[in-house]
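Visitor: I am new to this structure and would like to be walked through it step by step. Could you show it to me, and then take my questions in turn?

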Amino acid sequence: MGNRLTRLYTRRGDKGTTGLANGSRVAKTHPRIEALGDVDELNSLLGLLAAELSDDDELHTDLMQIQNDLFDLGGELAVADSNYTVIDASCLETLEERVDLLNETLPPLQEFILPGGNRSAAQAHLARSVCRRAERRMVELAANDTVNPLAIAYLNRLSDLLFVYARILARRNDGAEILWRPRAARKTDNKENESNDAQASDN
């Protein structure tokens, strides 16, 4: 295999355009480039999450495959040709199988949860939110341009899987998910705490 890059800079993008794999040039603010950027950002976040996990962790193994899938998805966006697709139904099936299998290990979700719990869980939540943004960008692009519909569906399933990852990671090492407390409930908690503090002072 030849070298992928011979020079790291070309200066061709200095005026605000960038080249696609099909040879055309578009503005760096073009919806296709915005989608590409979001997919790239998502992939970077997954690399950061993977770095938090041991190599023999099953989630680490998943992430390595997903990162490769996302690079393939980025390739589809860069080629911008309906005849070139890599993400197919089997990619979605793999994600769905993992969601179903891992979700069975978790208790039913009865409350909304906040992003956090520990570092790796928070990173999974951050990746999930960027994944949702990438999906929105793809939907926006598809309204007027060539997009593999299965690539959009892939991002949708991936965001679900990342949510499951976050729940799993938050519970590791005797950790717990952080439940959302509505404002009214927090006010009640504060009043009870103030009352308990007053009683303690009297005693």
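Visitor: Where in the chain does K28 lie?
Guide: Helices (H or I, at least four residues) and strands (E, at least two) are DSSP runs, numbered from the N terminus. With elements named in that way, K28 is placed in the loop between β2 (25-27) and α1.

Visitor: Before we go on, what kind of model is this?
Guide: Residues are numbered from 1 along each chain as its sequence is written, and side-chain values use heavy atoms, with hydrogens and water left out. Local features need pLDDT of at least 70, side-chain atom pairs count only at pLDDT 80 or more, and totals for chains, interfaces and linings use all residues, since this is a predicted model.

Visitor: Is K28 buried, exposed or partly exposed?
Guide: Buried means under 20% relative accessible area, exposed over 50%, and partly exposed in between (1.4 Å probe, protein chains only). The relative accessibility of K28 is 41%, so K28 counts as partly exposed.

Visitor: What distance separates the C-alpha atoms of K28 and T18?
Guide: Along the chain, K28 and T18 are 10 residues apart.

Visitor: In what order do the elements of the chain run?
Guide: The chain holds six helices and four strands. Read from the N terminus on, the order is β-β-α-α-α-β-α-α-β-α.

Visitor: How many salt bridges does a search of the whole structure find?
Guide: Side chains of opposite charge can pair when their charged atoms come close. A salt bridge is a side-chain nitrogen of Lys or Arg within 4 Å of a carboxyl oxygen of Asp or Glu. By that rule, the number found in the whole structure is 14.

Visitor: How far apart in sequence are the parts that R119 and E52 tie together?
Guide: The side chains of R119 and E52 form a salt bridge with an N to O distance of 2.8 Å. Because R119 lies in helix α4 (residues 119-142) and E52 in the loop between α1 (31-51) and α2 (58-79), the pair ties together parts whose separation in sequence is 67 residues.

Visitor: Is R98, which forms a salt bridge with D62, buried or exposed?
Guide: In this salt bridge the closest N and O atoms of R98 and D62 are 2.9 Å apart. The pair links distant parts of the chain, with R98 in helix α3 and D62 in helix α2, 36 residues apart. D62 has a relative accessibility of 14% and counts as buried; R98 has a relative accessible area of 15%, so R98 is buried.

Visitor: In which helices do D160 and R132 lie?
Guide: The side chains of D160 and R132 meet in a salt bridge of 3.7 Å, N to O. The pair ties together parts that are 28 residues apart in sequence, because D160 lies in helix α5 (residues 149-170) and R132 in helix α4.

Visitor: What is the geometry of the rings of F112 and W180?
Guide: Rings of Phe, Tyr and Trp (its six-membered ring) pair if their centres lie within 6.5 Å; planes under 30 degrees apart count as stacked, over 60 as edge-to-face and the rest as tilted. The count by this rule is one aromatic pair. The ring centres of F112 and W180 are 5.8 Å apart and their planes stand at 70°, so the pair is edge-to-face.

Visitor: Is F112 buried or exposed?
Guide: W180 has a relative accessible area of 39%, so W180 is partly exposed. For F112 the relative accessible area is 62%, so F112 is exposed.

Visitor: What is the phi of N173, and where is its place?
Guide: Most residues other than glycine have a negative phi, and most peptide bonds are trans. N173 is not a glycine, yet its phi is positive, at about 55°. N173 is exposed, with a relative accessible area of 77%, and its place is in the loop between α5 and β4.
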